[in-house]
Every structure is written in C-alpha cells, then in structure tokens.
Amino acid sequence: MTATEVENEIGRDRRRKEDQRLITGRTRWTDNIVLPGMLHLAMVRSPFAHANITSIDTSAAKAAPNVVTVLTGSDFGEELGVCINAWPITPDQVTPGHSPMPSDRVAFAGEIVAVVVARSAAEARDAAELVDVEYDELPAALDLKKAAADETIAHPDLGTNKSAYWVFDSAEAGTGGSADEAIAKARTDGIVIEREYRQQRLIPAFMEPRSVVVDPTGEQYVMYSATQIPHIVRFALAATTGVPESKIRVIAPDVGGGFGGKLQVTPEEWIAWAVGRRLGKPVKYTETRSESLLSGHHGRDQWQKLTLSAEKDGTVTGFKVELLADLGAYVAIVGGGVPVLGAFMFNAIYKFPAYHFAVQTVLTNKTWTDAYRGAGRPEATYAIERIMDELAVEVGVDPLEIREKNWIKHEEFPFTTVCGLEYDTGNYEAATAKAKEMFGYDALRAEQQQRRDSGDPVQLGIGISTFTEMCGLAPSRVLGTLDYGAGGWEHANVRMTPLGKVEVVTGASAHGQGHETAFSQIVADRLGVPFEDVEVLHGDTQVAPRGLDTYGSRSLVVGGEAVVRAADKVIEKAKPIAAHLLEASIDDIDFAAGRFSVRGTDQGLGIAEIATAVFAAHNLPDGVEPTLDSDAAYDPVNFSFPHGTHLCAMEVDTETGALTMRKYVCVDDIGTIINPLIVAGQVHGGLVQGIAQALWEEAVYDDSGTLVSGSFVDYLLPTAADTITFDIDHTTSPSTTNSLGTKGVGEAGTIASTPAVVNAVVDAVRHFGVNDIQMPCTPERVWRAIRTGGKGGATTEAAMPHFEAEGEGA
Amino acid sequence: MTRITLTVDGAQVSDDVEPRLLLVQYLRERLGKTGTVIGCDTSNCGACTVHLNGTSVKSCNVLAVQADGGEVTTVEGLAQDGRLHPVQEAFRECHGLQCGFCTPGMIMQSIDLLNTNPSPSEDEIREGLEGNLCRCTGYHNIVRAVQHAASHGSSTAGATS
C-alpha cells in the first residue's frame, strides 16, 4: 500500500459508509433477529393510571394455543432486578422502587403486570387479551402543579410527590451576586420581567420501535437491544439481577434512532432478560408503536417560573429560575438530572452578574420522563431566549440589540459564567452578522412594519434564538460533584490488521449519527491511511468492552478524542520498530502521511508495512511487543460550548390562526467540522424536532390518566409537507478542550429552534396584546390568543373522536 | 389457512397463510425480507412501503392474501446486478438518511412518486412523501435526494411496472 498521497479527510463531505446496507435493506434491526427455538413475548399492561392489583388470572391465557407460559411479578424473585435511577440529584431524593413488573400496585397507565410467552408474536398477543387482571382503582396524581402541592399522592407509601429540590445560587457558590437582591433593586429603579412558561410533555418517537432479544444459550447471556447504551445496560443488568458482568454481552445492532428515548434501562429489557434466563430459551419482545408511545419514557414537561431583572437600558442584573419538573411515575435512569443539566444554561451566552436556579422534581401517575434530545438545555434556552425578547419589548429596542448588549464579547473568551463554567471559545457577533445577512433581516423587518401598517390579515413575525449549550458529556469529576452514578469518559482501541487495515473500536454506540464515517475520516488523517481501509466497530460489549455510549452530543467530542489518542499511541508504538527496520536512530524518524521516514534520506516505510512486519514478528527490536494495538480512555477536562444564531420568519393568518414558516436561517459555531454533510443532516433533523415542539407535538392525557396521544394518529410528528428547506451555515472558533477542536452538533438544532419559532409567532401578533402563546402553538391557540390577548389556553380536553358519532355526520 | 402464490423481488413464492396475516408480516416473518420494516400500528409512518403490482402500498395495510397472484418489490429487490437503483444512489449521495429505519419505505415511495411524476416540484415532492415519517433528517435532504434522482432521469430504472 502507498499511503503517501492521502488528501485531508477531516472537513470532507464523505458519503456515509453506513448507507450501503441501509439503502438496500441489508440491515440488522433487533426485530430482524431470529434464533433457534426463539419464543415471543407480549406484555399485559395496566389501563389505569393508579390502581392496586387485586388478582391476576392467567389460566385462560395459559390454555391458549402455543402459549408456553404466563408470568407475573410474583412469579419472580430478585432475579427480575429493578430499573435504576443513576442520578439521585440530592442526598434525600425520594425515589420510589421501580420493579419492571410490579405485583401489587400500578403507578401509570401502560405499566406491565404480566408477560405472555408463546411460540409466535401473534399468539402471544392473542393470549395477552385473555389475562384477567382485577384492579382496585386509586386516585391518580396527574396535574403537575397539583401533584407538587401533594393534593393526590402518586405513591401513597412515600407520603409525598416531591422527589428532590435542587438549587444553584451564584451568591452561595461564589460565582456571582444575589439574584434576589438584584431583583429587589430593579423593582425600585429598573425593569423586572416575570413570566411563566410551559414546556409541554413530548415523546421522543424514534422510528424504530424498541425491541429486545435475549439469548441465554451458551456461556454468556446475550441481550440484543434497540438501545443507545449497551454498556450501561450491561452494567445495570449485572448490578440488579445478580449475573456477573463477565457473563453478560449486550449488543446494540442497527438501532433506528434514539434522541434520548433509548437512553434507558427498561422494564421490557429486564422482563425479557428474566424470562429468557428462566426458560433457557431465546426470547424476543418488540413493542407496538402504541406501546412505545405509552411506556417508553417521555421528555420535557416543566413549568418554568422566571424573573429577570435589568437596568432601564436593558443591562441584565439578575435572573431567577424556579422549575417544576414532572418525573412521571418513576425516577428514570437520568430522571431528575435532566433539569439539572439545564441549570447551567439559563444564563446562556450572557454576562449575568447574579443567578438563582431551583428545581422541584415531582412524581405523578404518568409515563416516566427522561432525556429527550437536548435534555434540560432546550428548556433553558427556551426560557432565556423567550424572556430576552420580552426585555427587548420593555426597553423598546430590537431583540438582537438587547442580546448584543448582554452577551459575552468575542474578545472576552475564555469567559467564566455566573454558573462557574468556563466557555472556551465563541464568537456571537460573527455568527449573528452572518445569520442576519443570510436572512435579509432588515428587509424582513421592513416588510413586517409595512404589513402591520396596512393591517394585512397575514402578519409577519421574526424570531431570534442566540443559543449556546454544553456538550461533550462529561468531565467525570464534574459528574461526581453532581452525584451522577458514573463517569463521563470514553474509550477507544485502534489496531492494525496484518494486511494493513485499521480497526477502530469505540465505546460510543451510534444509532444514525454516522460514527463509522466520521471516525474513519479522523483515523485516516491521523494514521495516513485510506478512508476505505478504516473499519469502525461499536455497539457490542464483547467487541467494544469499555464505553459509556452515545448521548449528550458526546460521541465526537469525547469519543473522537479517545480515538485520536489511541491512534497516536499506534504511531508511537510503530516508531521504534520503524527505526529498527530502517536501521536508523529513533530520533531521526519522522511520521507524516502514513509513512515513517528517516530524516534527511529517502528511506521510509509505510505504516501498513510496519503492521505486516509486526504480525510476522521476525525482526523486531529486543523487548518490543509484537503489537501496535493501542487503547485510550479520554476523560474531558471541560464541556464544549457550541453556539449559534437562529432566525425564523413566521407568517400568521390573524383570521384563522394558521401558521406558515416562511424562512429559517441558522449559523452555528460547532468548532471544527469533520464531515459537513453529516453536520448538515444533524442540524436539519434537530431543527425539525425543535420546531415540532413549538408547533405540533404534545403528549396529552385525559383526566383519568390515559394517554390520548397514544398513536401516530394523535401524536403529531411533522411530515415532509409540514416542513421547509432550511438555510444553514457556520462560523468556526475551534474548541480548545479537545485536539480536534470539535464542539458537538447532535442537539444544537433542537435546542435552538423552539424559541426562535415561538418568538416569531409572538412577534407576529404582539400588537394584539399577546406576549406568550403556550406550546404547541396550534392555529386554535394562536387564534384564541389574538382574540383574548392570553396564551391561547392549555390542552385540557381528551382527543377528538376519530369518527363522528352515528347520525351526526355525513 | 389460505394458499397464496406471488412474486417477490423477482422470485416466485408460495405459502399457506392465515387470512389475517399482513403482507409486511409475510415478507418479514415468512420470507425473511427484513429490509422492509414496521414502524407503527396505524399505517401512519410508511416505513413498510413496498410496491404491489407497480404501485406503492403500505404493506401493513394489505393482507398477504390480497397480494395473491401479484408482484411485490421491496427495497431488497431494487438493486440489479449489484448496481443500486438511482433513487437508492440519490439517498446516499444527498445524505437522505441517518438511522435508516424509514429509508426502505421512503425510497419505495420516492420511486413511486417519480414514476407518476418524473419532474416534481419541491411542493409535489413534499406532498408525495407526506405519508412517510422520518425523525432524523427533517426531510430536507430527503427532498434533495428525490430532486437529485429526478434530475438524473431515474424514474423507471429498476422500478416495477
């Protein structure tokens, strides 16, 4: 192989290696897996939000054709394990025990009470209908504010719904002044803005329903799961079911999206594990979409009470944030940690001198909540970017001007924020200038004024979001101080095969992100080998034995850095061997573009030639091991802080409330870009998820605690016809916290876009006296807001009937 | 049980099936055509889209017995002699997929769209794909992929008629 003429891979828009199998259907989704003798599971789920189980009669189901057995919680002992919370955010957090299959009481509609095992999935599901469960219904805690007041208790034995109260105060932390004092002062001689915003409940709604296969044959028990976190699943299985880690292999094959929704240890996985072990036969469970929406964890669901104080000229003096966060029925794996991840981001890109954050996490009888794309940071960004617009209105200036007055200037980096985080790099001026130009900001503002002056029934609104986020989860030491149950490092292994190919093993576990392509580009550059010669292996705890998986925009920033370091070690290991084979001093050996050469001569060897020589091991220097394989575990020293300026133009038909997105521009600074094509894809998809929160999506419960948005008929995922083409670009100030200069991009679009859209909608109708519209901003709500000057009302009703009652319609 | 005989990706197959068996279950569970996937229970997501007698159908919304005597093409039957169908190629070229779960259905629907309308406008593409959900791409690059395939004259190559 000649590797001397490899052009730079980093920055190239390489087409993805992953795509060949995905576009031809040569895929290995968990549900595709079929094993000899495999049995199928169907779950029996509670229809009630809160009830005591008085009896379960499984006899009819057991007698159904090809049913092997029916099991309930009481059929299992400790081997069933528990679903864990890895992040108790306070030492006294109230955490209900979470059995995968409780035998006494159910705490949300959709909770599993029995499992049917049959020879086919259809027979299992048929028999599940025959399981007769008697319930004694209990009052259910459903409304977040009422639950926070302990009006009805979600878990009566706990005596309260209040799980944890977590506070950060800049005066106490010594990172700033007192927000209360700043607010008190502003009440006399400044501006105080008080708002309450609702983060509605959302559902991650990955396209591949969750599926799990457990194979108990052989020495290691194998679990295939549609998960983002095979390593964490293995850890939790061992920790809670008594099987040593060395006997557990977890494989995440092709995984069809996650968005945080597959960052979980689920009752379904634990039940399949227990049943497979009990029967000694492979078992499979694949959820239906309804089960997915009902029982997979949900996201967001907060009330945000905000108080912002400022001088009369708009200089912010303090910010106070009080959150109520709905945990649902159980504290999920990250659970109450989600709002804490947002705690350090409410001050965003601004130089606030004083800041106070408090969150009360609350148990209810609804589906559990946990990470959903952005996890805490979209909520924070929404709050601050919405209220900065309100401040601009109060001061009477353009919302960009109020932001510029308060943001960190580019020459002030590195900058330590009021939360004590050090932002390494950024340039808000540059991103904003570029976005304004692409957007045609001044022309659109002029058009807006003209439409307003002429009383056009279709009004134009312009929404701004100048966001930042913290990515690269996470420095282990920081996680330790926050009482998180694990570290935040990532692991990589780089090895050369005898014929000179490179295998890269990463502990990150991709499910659509394109790691196979991006990591190949990084290693191709580092080792000077062709892109095609690099194979990235992941998603199997036996192939990639160490790792902390994929979430929190961490794979490239943390996992990529581990790959870089492992690759560098390969070069260092190869150097003495090259010197030996070239009969030169190691001090005279240079490595560049895949070739070890003797300085000042034309003598040299390609890295693949070294690999072959190491494999043969016929002629190695004394005492040198015959391997180039290298490991690296990288623990980040800081987070990374991508930022960007997003501008959105919305047209609002004031007669009908109908909304049309006219234009969306974003300029993101995500540091060094490895593959612009993949980055664009992440941004587009992220934008639409954030826009969907603003305009369409909401998980709605009726007053008995039934999820009425329990199918794709009722949970409104946007389609191609609902969305537009986006204008995206970048500015680049490389991160200084990793050697590639990357910052992370997986969540940026989602974090930034929601407030940009709602700001635009509110901006379009503000002259009707509207200063907030509750999300999702449906046409009905917008129409009501215009007429009443309110927020357009909450979503309280049950879903509309799908079919008109007899005799009513055509 | 009912005996059905049909052609799937060019091969004749014949099986006894339960009348309630869905075409998608038949493809996946009986024929091992796991390239076609199931994403919902309500025929909203379109992940299971295949061609039946030259027209796209959501195979979760067709009974296997209804396909008796018919000709079915799945995503696995598009590439000919190792050569990708131009729409498959366009999806890769334009990064029209991320996790890839919606992709088989998206590709089959795009081919059907281009068969009916070889030069669709952006709006026509967006409306033509309205029955197929994607959670990763925001549709931006899927639309680009269909435009790319259209401009490279791909509407008929490899598609069923």
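User: What distance separates the centres of domain 1 and domain 2 of chain B?

Analyst: The two centres, taken over C-alpha atoms, are 21 Å apart. Domain 1 covers residues 2-76 and domain 2 covers residues 86-151; such bounds come from an automatic or database domain assignment. Before we go on, this is a predicted model, in which local features need pLDDT of at least 70 and side-chain atom pairs count only at pLDDT 80 or more, while totals for chains, interfaces and linings use all residues. Residues are numbered from 1 along each chain as its sequence is written, and chains are lettered from A and ligands numbered from 1 in the order in which they are written.

User: How many residues of each domain of chain B take part in the contact?

Analyst: Domain 1 of chain B brings 15 residues and domain 2 of chain B brings 11. Two residues count as in contact if their C-beta atoms, placed from the backbone, lie within 7 Å. On the domain 1 side, β3 (49-52) and β4 (55-58) of chain B each supply at least two residues, and β3(B) gives the most, with 3.

User: What makes up that side of domain 1 of chain B by class?

Analyst: It has 6 nonpolar, 9 polar and no charged residues. Here Ala, Val, Leu, Ile, Met, Phe, Trp, Tyr, Cys and Pro count as nonpolar, Asp, Glu, Lys and Arg as charged, and the others, Gly among them, as polar.

User: How do you know whether the radius of gyration of chain B agrees or disagrees with that of a compact globule?

Analyst: The radius is taken over C-alpha atoms, and the globule rule is 2.2 Å times the number of residues to the power 0.38. For 161 residues that rule gives a value near 15 Å, and chain B has 15 Å, so the two agree. The C-alpha trace of chain B spans about 45 × 30 × 25 Å along its principal axes.

User: Which helices and strands does chain B have, and in what pattern?

Analyst: Chain B has 5 helices and 5 strands, following the pattern β-β-α-β-β-β-α-α-α-α along the sequence. Helices (H or I, at least four residues) and strands (E, at least two) are DSSP runs, numbered from the N terminus.

User: Why is α5(B) called largely enclosed?

Analyst: A residue is buried if 20 or more other C-beta atoms lie within 10 Å of its own, exposed if 12 or fewer, and partly exposed in between, with C-beta atoms placed from the backbone. In α5(B), 9 of the 12 residues are buried, so the rest of the structure largely encloses the helix. Among them are His140(B), Ile142(B), Arg144(B) and Ala150(B). Their cover includes α19 (676-695) of chain A, along with α2 (86-93), α3 (103-116) and α4 (122-128) of chain B.

User: Which helix gives the most to the side of chain A that touches chain B?

Analyst: The contact between the chains takes 40 residues from chain A and 44 from chain B. On the chain A side, α19(A) gives the most, with 6 residues. By class, this side has 17 nonpolar, 17 polar and 6 charged residues.

User: Why is Trp368(A) called buried?

Analyst: Trp368(A) has 28 other C-beta atoms within 10 Å, so the residue is buried. Trp368(A) sits in the loop between β15 (355-363) and α11 (377-395) of chain A. Not counting residues up to four places away in sequence, Trp368(A) touches residues including His297(A), Leu327(A) and Tyr330(A).

User: What makes Val665(A) buried?

Analyst: With 22 other C-beta atoms within 10 Å, Val665(A) is buried. Val665(A) lies in strand β27 (659-669) of chain A. Leaving aside neighbours within four places in sequence, its contacts include Ala435(A), Met438(A) and Asp727(A).

User: What is the mean pLDDT of chain A, and where does pLDDT stay under 50?

Analyst: The pLDDT is the predictor's confidence in each residue, from 0 to 100. Its mean for chain A is 96, and 97% of the residues reach 70 or more. The value stays under 50 over residues 797-803 of chain A, for which the model has 7 contacts beyond four places in sequence. Over residues 805-810 of chain A the pLDDT is also below 50, and this stretch has 1 contact beyond near neighbours in sequence.
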